[in-house]
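Subject: Structure for your review, with notes

Dear colleague,

Please find below the sequence and structure that I promised to pass on. My notes follow directly after, and I would ask you to read them with the structure open.

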Amino acid sequence: MATQIVPRTAAGFRQATRLHESVLATGEKRLLIWMAERTPAGINSDHLTALGFGAQLLTGLSYAMSKSSKPWLIAGIGFLALNWLGDSLDGTLARVRGKRRPRYGFYVDHILDSIGSVALMGGLALSGFMSPEIAVGLLVLFLLLSIQSYLATYTLGEFQMSFWSFGPTELRLLLAVGNLTLLRWPIVLHGRRLFDMGGAVGIAGMTAMVIFFSARNIARLYREERIQ
């Protein structure tokens with residue numbers, strides 16, 4: 001007998017609680033609301049989502065091109081800023097205008113983020129400023145952390161947007177500072193690449209996050225669904 005698939009309508013969809021506790025979250029939220037209230041009516045959330053995604057792809061391209069021309073690192077900072085604008089403002093604009101599409105927005109935003117992260121790390125791997133092994137390690141851990149977050153959203157009804165006071169905006173700022181530093185000091189500490197050292201720290205930190213939050217959520221779900 002064929003299994004009957006029951007469509008999940010928007011009316012029956014329960015939106016997860018957004019947990020955003022990064023260092024810049026409070027000020028960023030105020031700024032985004034201010035910007036959303038002043039965004040021209042001809043610009044909608046889909047336009048901003050496309051802007052954020054395109055800018056992330058261009059950031060990856062800028063890293064790849066920087067191998068032969070360092071000024072691309074400056075261009076990369078501009079693309080990071082555009083990525084922040086599109087990726088951060090799209091949801092805020094929908095909420096301010098009362099035109100939320102929670103299922104569509106969640107799916108589109110995060111599948112594009114995953115594709116964009118592949119492009120970004122691919123560009124870093126081709127740049128010569130970071131070893132391919134470090135770039136792949138960062139990508140794998142980013143995707144694992146994302147999977148952990150999406151599973152928690154489904155099972156706990158909580159969407160974790162930041163980890164240990166560190167979120168996407170802080171990461172973009174760190175990359176921008178790194179780009180400026182690369183212009184002067186691409187190699188530091190006994191011939192080691194600056195971005196390899198930063199990437200190694202990132203791998204260690206993200207590994208700890210995956211282990212900590214996965215263990216915490218498993219323990220919570222075990223307590224909430226304890227077999228009597």
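The buried residues of helix 2 (45-65) are covered by a set of elements that includes helix 3 (72-96), helix 4 (102-127), helix 6 (168-184) and helix 7 (194-224), where covering rests on contact, meaning heavy atoms within 4.5 Å. Buried here stands for under 20% relative accessible area, exposed for over 50%, and partly exposed for what lies in between, with a 1.4 Å probe and protein chains only. Helices (H or I, at least four residues) and strands (E, at least two) are DSSP runs, numbered from the N terminus.

Before going further, please note that this is a predicted model, in which local features need pLDDT of at least 70 and side-chain atom pairs count only at pLDDT 80 or more, while totals for chains, interfaces and linings use all residues. Residues are numbered from 1 along each chain as its sequence is written, and side-chain values use heavy atoms, with hydrogens and water left out.

As for the overall picture, the protein has seven helices and four strands, which follow one another along the sequence as β-α-α-α-α-α-β-α-β-β-α. The C-alpha trace spans about 60 × 50 × 40 Å along its principal axes, and buried residues make up 35% of the 228 residues. Of the contacts with a separation of 6 or more, 80% are between residues 24 or more positions apart.

To return to helix 2, the buried residues there are Ser-45, Leu-48, Thr-49, Gly-52, Ala-55, Gln-56, Thr-59, Gly-60, Ser-62 and Tyr-63. Seen down the axis of helix 2, these buried residues fall within an arc of 160°, so they line one face of the helix; the arc is that of the directions from the helix axis to the C-beta atoms.

The N-terminal end of helix 2 is capped by Asn-44, which has a side-chain oxygen 3.0 Å from the backbone nitrogen of Asp-46. Asn-44 sits in the loop between helix 1 (25-37) and helix 2 and is partly exposed, with a relative accessible area of 31%. Leaving aside residues up to four places away in sequence, Asn-44 touches Leu-93 and Arg-97; the C-alpha atoms of Asn-44 and Leu-93 are separated by 7.4 Å, although these residues are 49 apart along the chain.

Helix 3 and helix 6 have axes that come within 9 Å and cross at roughly 170°, and they are therefore roughly antiparallel to each other. Among the residues that make this contact are Leu-80, Asn-83 and Trp-84 of helix 3 and Arg-172, Leu-175 and Asn-179 of helix 6. Asn-83 counts as buried, at 6% relative accessibility, and it touches Gly-52, Ala-55, Gln-56, Ser-88 and Arg-172, again not counting residues up to four places away in sequence.

In helix 4, the buried residues include Asp-109, His-110, Asp-113 and Ser-114, and the buried residues of this helix pack against helix 2, helix 3, helix 5, strand 2 (158-160), helix 6 and helix 7. Asp-113 touches Gln-56, Asp-87 and Phe-142, with residues up to four places away in sequence not counted. Asp-113 and Gly-52 lie 9.0 Å apart, C-alpha to C-alpha, and 61 residues apart in sequence.

Helix 4 is followed by Gly-128, with a positive phi near 85°, and helix 5 by Gly-157, with a positive phi near 75°. A positive phi in a residue other than glycine is found at Trp-164, near 50°, and Trp-164 lies in the loop between strand 2 and helix 6, where it is partly exposed at 46% relative accessibility. Leu-189, another residue other than glycine, also has a positive phi near 50°; Leu-189 is in the loop between strand 3 (187-188) and strand 4 (192-193) and is exposed, with a relative accessible area of 53%.

How values were computed:
A polar contact is a pair of N or O atoms within 3.5 Å; within protein, one must be able to donate a hydrogen and the other to accept it, and residues adjacent in sequence count only if both atoms are side-chain atoms. Axes are lines fitted to C-alpha atoms, for helices over the stretch in contact, and angles run from 0 to 180 degrees between N-to-C directions. Angles under 35 degrees count as roughly parallel, over 145 as roughly antiparallel, 65 to 115 as roughly perpendicular and the rest as oblique.
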